[in-house]
Structure formats: C-alpha cells, structure tokens
Amino acid sequence: MSTLAIEGMQWGDEGKGKLTDYFASRAEVVVRSQGGNNAGHSIVRDGKRYALRLLPSGIFNENVINVLADGMVINPMALIEEINGLKEQGVTKFNLLISNRASMLLPYHIAIDHAREKMLGNAKIGTTGRGIGPCYEDKAARLGLRMGDLLDLKQLDERLSSELAIKNAELKAYGAEPVSKEEIMKGLMEVRDYLVPHITDTSLFLQKCIKENKKVLFEGAQGAMLCLTHGTYPYVTSSSPLATAIPVNTGLPLTAVNAVLGVMKAYTTRVGEGPFPTELHDEIGDQIREKGHEYGTVTKRPRRVGWLDLAVLKYVKNISGITHVGLMLLDVLGGLDEIKVCTGYKINGETIDYMPCDVSTYTKVEPIYKTLPGWKEDISNILNYEDLPENAKNYVREIEKALEVNVSMVSVGPDHSQTIIREELFRD
Ligand code: IMP
C-alpha cells in the first residue's frame, strides 16, 4: 500500500501521535487535512519534547514534504509561533506546503468562539477556544478568507473589510469588543513574507504524488466521535475527522486512500462536554487518568475517563471503513482485577449496539457491560504479542471479535520502542 490514513476512533487523544510519527518516518509526504490548532500532540525525539498543533509529523524529517491541505483552518500567527518554537529547539528546515484553499483563521474567530461559549452558559460545547467553529462557519457562509488571499494584498484587504463588517456586528451582539482591521492587517503583514512561498495548490501536488505512487500518510486529527455530522452532535468539532472525508479535504479521488488505520485507546477518554455512557467517576477512573497522563495537550484540562465502549467503536468502524486497528495504552489497564467493556446499550427497555443520533437519547442510555479478567504483570517491555499475559491477549481478542478487524499494533508505553507490531503496514 502506498497511502495510509490514520483515524482516531474515539473522542480524540487516542495516541495517534505516536503511530503517526512511526509511519511519518517511512513516508515521503505527510498530510493534515482538517481541523486546526485545536489538535495537539507531543513528540519525543532524542530526549527533547516538541509540541505540534498545526504542523504535520513529518516536519522533523528533511526528506518528507509536509502538507497543510484544503480542509484545514489555519491561524497564520499560530503557525508562525509554532514554527518559531521549533526553530528555537533547533529545527531549521521546514519542508512545508500550505493549501491556497485552506481557510484562514483570524483573531475575530477566537473572540467569537469565547463570546459564544460564554453566552451558551451551561449548554456550552467546551471548545478548545481556538476559533475553529467560527472559522468553519465563515467557510460555509462563503465569507471567510483563504490562505491564498495572502498572495493578493488588494483582495485580502477587500475580503477582510466585508468580513469584518459582519463579524464586528456579531461581536457587538455578544457584548464583546470589536476587532480592528488595521491590527489584523498588521499581524498578517508580519507573517506574510514567510508564509507566501509555502502557499500553493496542494491538491495538484498531491494528485501528482498519487500518480507517481509516492508514499503518502494522511495523519488524523481529533476523533470520529467528534465528527460534525456523525459524532455526538452538538458536542463535536466543526470538521470531519473521518478518513472518508480525506478526498474532499485534499482534492483527491476516493481511491487515493488505500488503507485506514483506526487508532483507539484501551479505554475511553473525552474532553469538553457531551454524553459519555461509560464514564467512570470513581477511584478506578482516577487511577487510569493518572497512569495514562490523561490531561489535554492543548488546554491541559483533565480528561474524562471511562471503560472501553465497543458500541462506539463498532459504529465508527462501520461509518469509516477502518481496515486495521492500532490499540494504544494497553499497559495503563495493568494491575486491575477486572476490566469492563461496554458491548451495547439499554434504552427504553430495548437493547441496541450502535450510537443513537440524538444526544438527549444518548445521555439516557445504560451501558451493558461484559466483565473480563485483568492482568497484574507489567507489560510495558513486552515486544512480542505472544509474550503478553493471557488475559491481555484475551482483551485484544475481544476487541477484534467485536470489530471484525485485526489489531495490527499494540502500544504498551509512550516510547517508540514500546510497540508490538503484529502486521507491517505501509511497507516499501
Ligand atoms: P473545537 O474543535 O475547539 O471547536 O472543540 C469542540 C470539541 O472538540 C470540544 O469538546 C473539544 O474538547 C474537542 N476537541 C477538539 N479538538 C480536539 C482534539 O484534538 N482532541 C480532543 N478533543 C478535541
């Protein structure tokens, strides 16, 4: 296979970063196709920790071309900040292409994100506060600016003027401060010279790569349950993290994605508001949070923690065509006497094994659990699948049986070396 997509199968933070780094080192091109700096993962290289928000994981490898594709929302100032941060840490060469079609996220999007969350009060989404939703709204409203507008100053000025007339009226309605066009233009002029040479038609570039059979990795951001259409609406992000959205977000045909690696944690977490049937509010939940370091990379918020939800995973597999699974953080469950997995839900006396579309129904479901025996051994140094304790293998089998997909990789610790590879994907 010459292309591979990585998709988070839960509510984000599944540990995609680690597997993305693994595959990025074998790729010729690494692509981010949706979302913006609401995403975040840290990479440890030669003992140094780097935080990536917008940049693809291939950025550390001079031979990899990194693409910020059409479906993204890009805050130019945040991108420069991220690049400068990496420069200070010694990264000197940025092999980066930025789509001229990608949406430009500007300070008023952030102001509206905050003002709206405040106005929603208890009904707030719990966003990352990075302006993601308001920027995608402007795209759908055909108002927003695109990265390509940085190439034409007259057009940039005109588009910003008509956009701001509306945005400042909106901010006023929220009782928030208006934003100044001069300030935004000043900010953009400071970053423009650096960004312009990187802005291009990335769709044409990627089409050529696919034609030439280049190894292209589509790295995922967020998780399937945060999909705007198929997730736990309205407690979702404003794009689709599904692999099936990659073609439209990159300007490629459906056939461009050869395989989809679904990445899941051995348990469930989510940040922000919204239903979470298997959430734990007890000591076991606290224990998993601490052992798994379950605190947000972008916002540092403690993540909500719960048992593995196979109903969610089955639903996600069916909507996104997952072909392989990467199971993360299996070591975190070690030491528990028993582990529960949710196999379906009870609602109004009925049993279902899928996610109901309506959040108010989903909030009322009662999870049906199967209890599995735990394992006491430390598995963090095991490299061969066969050497895992029988109960850990049993846990993996349970997932494979429910999803009807092979678990190709099992992560047993944060280090790259702590990965059990059962099936080589994306090989030369
Ligand atoms: P937004 O994307 O900032 O609008 O946030 C909408 C919802 O998606 C909130 O619940 C966020 O916590 C969640 N979210 C957005 N990006 C991520 C991510 O990268 N990991 C986990 N949750 C995320």
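Modeller: Begin with burial. A residue counts as buried under 20% relative accessible area. This is a predicted model. Of the 428 residues in the protein chain, 57% are buried.

Biologist: How many helices and strands are there in the protein chain?

Modeller: There are 12 helices and 20 strands. The radius of gyration is 22 Å, close to the 22 Å from the globule rule for 428 residues, so the chain is as compact as a globular protein of that length. Along the principal axes, the C-alpha atoms fill a box of roughly 65 × 50 × 40 Å.

Biologist: What share of the contacts joins residues 24 or more positions apart?

Modeller: Contact means heavy atoms within 4.5 Å. Take the contacts with a separation of 6 or more. Residues 24 or more positions apart account for 76% of them.

Biologist: And the surface? What do carbon and sulfur atoms supply?

Modeller: The protein chain exposes about 18100 Å². Carbon and sulfur atoms supply 50% of that area.

Biologist: How far apart are the mean positions of the positive and negative charges?

Modeller: They are 2 Å apart, for 49 positive and 56 negative charges.

Biologist: Now one residue. Is Ser 203 buried or exposed?

Modeller: Apply the cut-off: buried means under 20%. Ser 203 has a relative accessible area of 7%, so it is buried. Ser 203 sits in helix 7, which spans residues 202-211.

Biologist: Which residues does Ser 203 touch, leaving out those up to four places away in sequence?

Modeller: Ser 203 touches Asp 70, Arg 101, Thr 250 and Gly 251, with residues up to four places away in sequence not counted.

Notes: Residues numbered from 1 in each chain as written. Predicted model: local features only at pLDDT ≥ 70, side-chain atom pairs only at ≥ 80, totals over all residues. Heavy atoms only, no water. Helix = DSSP H or I, 4+ residues; strand = E, 2+ residues; numbered from the N terminus. Rg over C-alpha atoms; globule rule 2.2 N^0.38 Å. Buried < 20%, exposed > 50% of the residue type's maximum accessible area, 1.4 Å probe, protein only. Areas by Shrake-Rupley, 256 points an atom, 1.4 Å probe, with all protein chains shown as cover. Lys, Arg positive; Asp, Glu negative; His and termini not counted. Charge placed at Lys NZ, Arg CZ, Asp CG, Glu CD.
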